[in-house]
Amino acid sequence: MSLILEGFMGCGKSAVGRELALRLGTGFIDTDTEIERKQGQSIRHIFDTAGEEAFRQMETAELYGLMLDDTDAVISLGGGTPMRAANLPVIKRLGRTIYLKAPADVLNERLKSGTDGRPMLSGYDLEQRVTELLRSREGRYLDIADAVVEIRDEDVGSVCEKVMKAYEGLK
Ligand code: S3P
């Protein structure tokens with residue numbers, strides 16, 4: 001049974017996931033990092049050359065691979081991973097999902113320092129794009145979450161504590 005973190009870009013899935021894995025003494029898997037490692041290319045490059053759909057297929061393949069591996073870990077998903085219907089049963093099979101729920105203003109603030117590595121945001125008006133994408137995704141994030149952790153300005157350690165508490169309640 002893995003602990004899965006989902007949420008919008010910039011909510012802290014990777015930083016929180018890495019720290020959580022340390023505290024829980026488990027492995028840590030960041031699906032974006034795994035895709036980049038296996039492809040030998042950055043996500044930006046994959047989007048630019050192969051396109052978003054190809055990237056989404058890689059995400060699904062990565063999830064299926066994790067299901068076959070069957071090791072317990074902390075897993076940080078990409079922000080768009082829960083949007084693809086084919087991924088949902090796999091996410092459910094992998095473990096318990098915690099949604100790191102940050103409001104749009106907090107996400108904007110965190111993301112404004114640069115969107116170069118985030119092709120879903122770069123080239124858009126950031127605030128408008130974040131608001132729209134979040135609105136279109138939030139329902140799904142909530143639907144598949146086993147627990148929701150609301151975040152604003154907490155540091156990584158405090159978010160970890162909240163997540164661990166929420167996770168305890170799910171066991
Ligand atoms: C995406 C989020 C990114 C990455 C890709 C697409 C999205 O991950 O998977 O750029 O559609 O929200 P992070 O949420 O880790 O930034």
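This is a predicted model: local features need pLDDT of at least 70, side-chain atom pairs count only at pLDDT 80 or more; totals for chains, interfaces and linings use all residues.
The structure contains 2 aromatic pairs. One joins Phe 47 and Phe 55, whose ring centres lie 5.1 Å apart with 40° between the planes, a tilted arrangement. Phe 47 is buried at a relative accessible area of 14%, and Phe 55 is buried at 4%. The other pair brings together Tyr 99 and Tyr 141; their planes meet at 35° and their centres are 5.0 Å apart, so this pair is tilted. Because Tyr 99 belongs to strand S4 (residues 95–101) and Tyr 141 to helix H7 (residues 126–144), the contact ties together parts that are 42 residues apart in sequence. Both Tyr 99 and Tyr 141 are buried. An aromatic ring also meets a charge at Tyr 124, where the charged end of Arg 129 sits over the ring, 3.9 Å from its centre.

Side chains of opposite charge can pair when their charged atoms come close. In this model, 14 salt bridges are found. Within helix H3 (residues 43–49), Arg 44 and Asp 48 stand 4 residues apart, about one turn of the helix, and their closest N and O atoms are 3.3 Å apart. Arg 44 is partly exposed at 25%, whereas Asp 48 is exposed at 53%.

Helix H4 (residues 52–69) holds Arg 56 and Glu 59, 3 residues apart; their salt bridge has its closest N and O atoms at 2.9 Å. Glu 59 is buried, with a relative accessible area of 3%, and Arg 56 is buried at 10%.

Definitions and conventions:
Residues are numbered from 1 along each chain as its sequence is written. Side-chain values use heavy atoms; hydrogens and water are left out. Rings of Phe, Tyr and Trp (its six-membered ring) pair if their centres lie within 6.5 Å; planes under 30 degrees apart count as stacked, over 60 as edge-to-face and the rest as tilted. Buried means under 20% relative accessible area, exposed over 50%, partly exposed in between (1.4 Å probe, protein chains only). Helices (H or I, at least four residues) and strands (E, at least two) are DSSP runs, numbered from the N terminus. A charge sits over a ring if NZ of Lys or CZ of Arg is within 6 Å of the ring centre and within 35 degrees of the ring normal. A salt bridge is a side-chain nitrogen of Lys or Arg within 4 Å of a carboxyl oxygen of Asp or Glu.
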